[in-house]
Amino acid sequence: ESIEKGMELTQKALDMDDSLSAAHGLLSIFYTLKREHEKAIAEGERAVALDLGGAMAHLAYGMSLNYGGRSEEAIPVLQKAIRLNPLGETGYFLHLGHAYRVMGRFEEAVSAYKKSLQRSPDNIFAHLSLAATYSMMGREQEARSEAVEVLRLNPKFSVDSYAKRLMFKDQSVTDNFVDALRKAGLK
């Protein structure tokens, strides 16, 4: 319901001025959340075309590429978002970490997730992602330590509930992530 309302208001803004990069970036994120990946990518491309120096436009576009099954293409876009806003929020590094993880570049993913946690130490998504990545790397002790952090932040955390919110186009990416979370000790 909130996504639909957000899309409606964003579209109203675009009806008044279609050159608003931020609005196209928001639509990209909303389409990603709805798993309408091709539309998300198209809106992300439009956001970047309208604001070549816009960190948020690049972040939205990179997210849409990663969740839309084009992780390799997402990495340089997300790296550029970080270069454009090196002091940006935790999500910049979080999403870069996701793209690295999907590509099997685990050491780089761990580094990105740790940078995300430097900005926001209680970011449950970074702890979840580290737990899964360490698990995928066979680093069981570190994976379990991150799982403990997840449960400290949310004692009622449920892998099944969280899995329903994952937006990857490729179900195997979601399945691998969920399996790694379970292997790390989360239920």
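Predicted model: local features only at pLDDT ≥ 70, side-chain atom pairs only at ≥ 80, totals over all residues.
## The largest pocket

The largest pocket holds about 480 Å³ of space. Its lining has 27 residues. Closest to the centre of the pocket are Tyr67, Leu94, Phe125, Tyr162 and Met167.

Five helices each supply at least two residues of this lining: helix 2 (21-33), helix 4 (55-67), helix 6 (90-102), helix 8 (124-136) and helix 10 (159-163). Helix 6 gives the most, with five residues. By class, the lining of the largest pocket has 16 nonpolar, seven polar and four charged residues.

## Helix 4 against helix 6

Two of the pocket-lining helices, helix 4 and helix 6, also form a pair. Their axes come within 10 Å and cross at roughly 25°. Angles under 35 degrees count as roughly parallel. Helix 4 and helix 6 are therefore roughly parallel to each other. The crossing of helix 4 and helix 6 is left-handed.

From helix 4, the contact uses Ala55, Met56, Leu59, Met63, Asn66 and Tyr67. From helix 6 come Gly91, Tyr92, His95, His98, Ala99 and Val102. The contact of helix 4 with helix 6 has eight nonpolar residues, four polar ones and no charged ones.

## Helix 5 against helix 6

Helix 6 also pairs with helix 5, which spans residues 71-84. The two axes come within 9 Å and cross at roughly 155°. Angles over 145 degrees count as roughly antiparallel. That makes helix 5 roughly antiparallel to helix 6. Helix 5 and helix 6 make a left-handed crossing.

Helix 5 brings Ser71, Ala74, Ile75, Leu78, Gln79, Ala81 and Ile82 to the contact. Helix 6 answers with Tyr92, Phe93, His95, Leu96, Ala99, Tyr100 and Val102. By class, the contact of helix 5 with helix 6 has 11 nonpolar residues, three polar and no charged.

## Helix 2 against helix 3

Helix 2 pairs with helix 3, residues 37-50. Their axes come within 8 Å and cross at roughly 160°. That makes helix 2 roughly antiparallel to helix 3. Helix 2 passes helix 3 with a left-handed crossing.

On helix 2, the contact residues are Ser21, His24, Gly25, Leu27, Ser28, Tyr31 and Thr32. On helix 3, they are His37, Lys39, Ala40, Glu43, Gly44, Arg46, Ala47 and Leu50. This contact of helix 2 with helix 3 divides into five nonpolar, seven polar and three charged residues.

## Lys169 in its loop

Lys169 sits in the loop between helix 10 and helix 11 (171-183). What does Lys169 touch, leaving aside its neighbours within four places in sequence? Lys169 is in contact with His37, Glu38, Tyr67, Gly68 and Gly69.

Lys169 and Ala22 are 147 residues apart in sequence. In space, Lys169 and Ala22 are 24 Å apart, C-alpha to C-alpha.

Key. Residues numbered from 1 in each chain as written. Heavy atoms only, no water. 1 Å grid on protein atoms, 1.4 Å probe; cavity = no way out; pocket = protein on both sides within 12 Å on 5 of 7 lines; lining within 4 Å. Points joined across faces, edges and corners; volume = space filled by probe spheres on them. Helix = DSSP H or I, 4+ residues; strand = E, 2+ residues; numbered from the N terminus. Nonpolar A, V, L, I, M, F, W, Y, C, P; charged D, E, K, R; others polar. Axes fitted to C-alpha atoms, helices over the stretch in contact; angles between N-to-C directions. Parallel < 35°, antiparallel > 145°, perpendicular 65-115°, else oblique. Left-handed = near helix turned anticlockwise from the far one by under 90°. Contact = heavy atoms within 4.5 Å.
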